[in-house]
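Subject: Structure for your review

Dear colleague,

I am passing on the structure we spoke of, with the sequence alongside. Please open it before reading further, as the notes below are meant to be followed with the model in view.

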Amino acid sequence: MIKAEWFYWLVGLSFLVMAAQMVTDRSNPKRFGTGAFWGLIGAGFIYSSWVVTKQAPAEPLGAAVLVMAVLAGFGFTGRGTPRTTTPEERAASAARLGNKLFVPALTIPVVAMACAIGVKHLSIGGEPVLQTGSETILGLGLGAVVALVVGMVLLREKRLSVPVQSGRTMLEAMGWAMLLPQMLATLGAIFQVSGVGGQVGKLATAVLPKDSLYVAVVVYCVGMFAFTLIMGNAFAAFPVMTAAVGWPVLIGHFHGNPAAVLALGMLAGFCGTLVTPMAANFNIVPAALLELKDQYGPIKAQLPTAGILLGCNIVIMALFAF
């Protein structure tokens with residue numbers, strides 16, 4: 001049986017190999033800090049397997065996260081000069097291959113879908129081929145491996161070091177912002193466990209007029225928007241604001257349609273995703289990868305749309321969810 005932890009070990013090993021490359025790259029003046037940052041991530045992927053099975057304590061992972069925050073926050077990470085092809089060579093290669101360049105990228109969802117729908121039902125000797133409950137994540141991992149092979153065949157590349165070097169270059173280009181969504185999602189879970197939603201609910205109940213439905217709708221939607229701005233993730237903001245206002249006030253007191261209220265609340269949170277640098281995977285990482293002159297360019301372009309959509313969600317919820 002192919003286990004999910006094998007995929008995580010492979011990811012961790014990839015990070016460790018790239019971290020070793022970073023440490024030896026003398027073109028990066030901050031090579032040791034950069035290598036330490038990504039090396040800790042790689043070690044965390046591997047070590048966490050034993051934490052899940054209660055064979056190792058979780059505290060070292062927490063310490064690693066704090067060290068990573070120090071390395072990134074105090075500017076100990078940097079970027080080296082990649083050894084790659086020239087812009088002219090890349091343009092010529094792209095012209096030669098054309099739309100074939102999309103084949104490796106499309107391979108990943110195809111393989112992931114096949115694993116999630118078809119391979120999950122296969123078994124050998126009574127044992128499922130893919131670990132039960134992890135078919136989707138394993139499909140993603142297998143799809144990435146297959147896509148790597150397809151890409152190397154397509155480009156006639158025989159050296160595995162070339163895609164590893166390219167991956168390392170991309171990690172350095174994205175930097176610490178690539179991990180921000182995962183960190184903020186964890187923060188949302190911590191907020192929920194620590195009772196932040198309950199405290200926000202008490203404040204909202206004390207301030208909101210008892211029979212003012214429209215004010216409650218605005219508070220819920222704007223609250224989802226604001227918490228998403230802070231956390232960078234609407235999924236992290238959702239349990240906090242839903243426990244505070246969505247469920248007890250809009251659904252419990254005003255008898256709103258649960259599906260409509262919660263779906264529109266999430267959409268209001270997504271409006272916050274459009275305009276916060278904390279949503280790094282949507283707003284900061286693309287700017288870094290595309291080497292935009294203004295790293296906040298995507299946010300500035302999306303700001304008007306976010307404001308209009310937030311207003312629409314408030315109106316739709318107020319008119320049709322009750």
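The notes below go from the whole chain to single residues.

This is a predicted model, in which local features need pLDDT of at least 70 and side-chain atom pairs count only at pLDDT 80 or more, while totals for chains, interfaces and linings use all residues. Residues are numbered from 1 along each chain as its sequence is written, and side-chain values use heavy atoms, with hydrogens and water left out.

The whole chain

The protein chain holds 15 helices and two strands, these being DSSP runs numbered from the N terminus (H or I of at least four residues for helices, E of at least two for strands). Its C-alpha atoms fill a box of roughly 70 × 55 × 45 Å along the principal axes. Of the 322 residues, 37% count as buried, where buried means under 20% relative accessible area, exposed over 50%, and partly exposed in between, with a 1.4 Å probe and protein chains only. Among contacts (heavy atoms within 4.5 Å) with a separation of 6 or more, 72% are accounted for by residues 24 or more positions apart.

The accessible surface comes to about 18,100 Å², and 72% of that surface belongs to carbon and sulfur atoms; the areas come from the Shrake-Rupley method with a 1.4 Å probe. The chain has 19 positive and 12 negative side chains, with the centres of the two sets 4 Å apart. Here Lys and Arg count as positive and Asp and Glu as negative, whereas His and the chain ends are not counted, and each charge is placed at NZ of Lys, CZ of Arg, CG of Asp or CD of Glu.

Searching the whole structure gives seven aromatic pairs, that is, rings of Phe, Tyr and Trp (its six-membered ring) with centres within 6.5 Å, called stacked if the planes are under 30 degrees apart, edge-to-face if over 60 and tilted for the rest. One of them joins Phe15 and Trp38, which are stacked at 5.9 Å centre to centre with 15° between the planes. Phe15 belongs to helix 1 (residues 4-23) and Trp38 to helix 2 (residues 31-52), so that this pair links distant parts of the chain, 23 residues apart. Phe15 also stacks with Phe45, at 5.7 Å centre to centre and 25° between the planes. Because Phe15 lies in helix 1 and Phe45 in helix 2, the pair ties together parts that are 30 residues apart in sequence. Phe15 is buried, with a relative accessible area of 11%, whereas Phe45, at 26%, is partly exposed. Phe7, Tyr8, Phe15, Phe37, Trp38 and Phe45 form one aromatic cluster.

Gln21 lies in helix 1 and is buried, with a relative accessible area of 17%. Its side chain makes a polar contact with the side chain of Gln165 at 3.3 Å; the term stands for a pair of N or O atoms within 3.5 Å, where, within protein, one must be able to donate a hydrogen and the other to accept it, and residues adjacent in sequence count only if both atoms are side-chain atoms. Leaving aside residues up to four places away in sequence, Gln21 touches Ser161, Val164, Gln165 and Arg168.

Two positive phi values

Most residues other than glycine have a negative phi. Lys54, however, has a positive phi, near 65°, and is found in the loop between helix 2 and helix 3 (59-73). Lys54 is exposed, with a relative accessible area of 73%. His255 likewise has a positive phi, near 60°, and lies in the loop between helix 11 (234-253) and helix 12 (258-273); at 64% relative accessibility, His255 counts as exposed.
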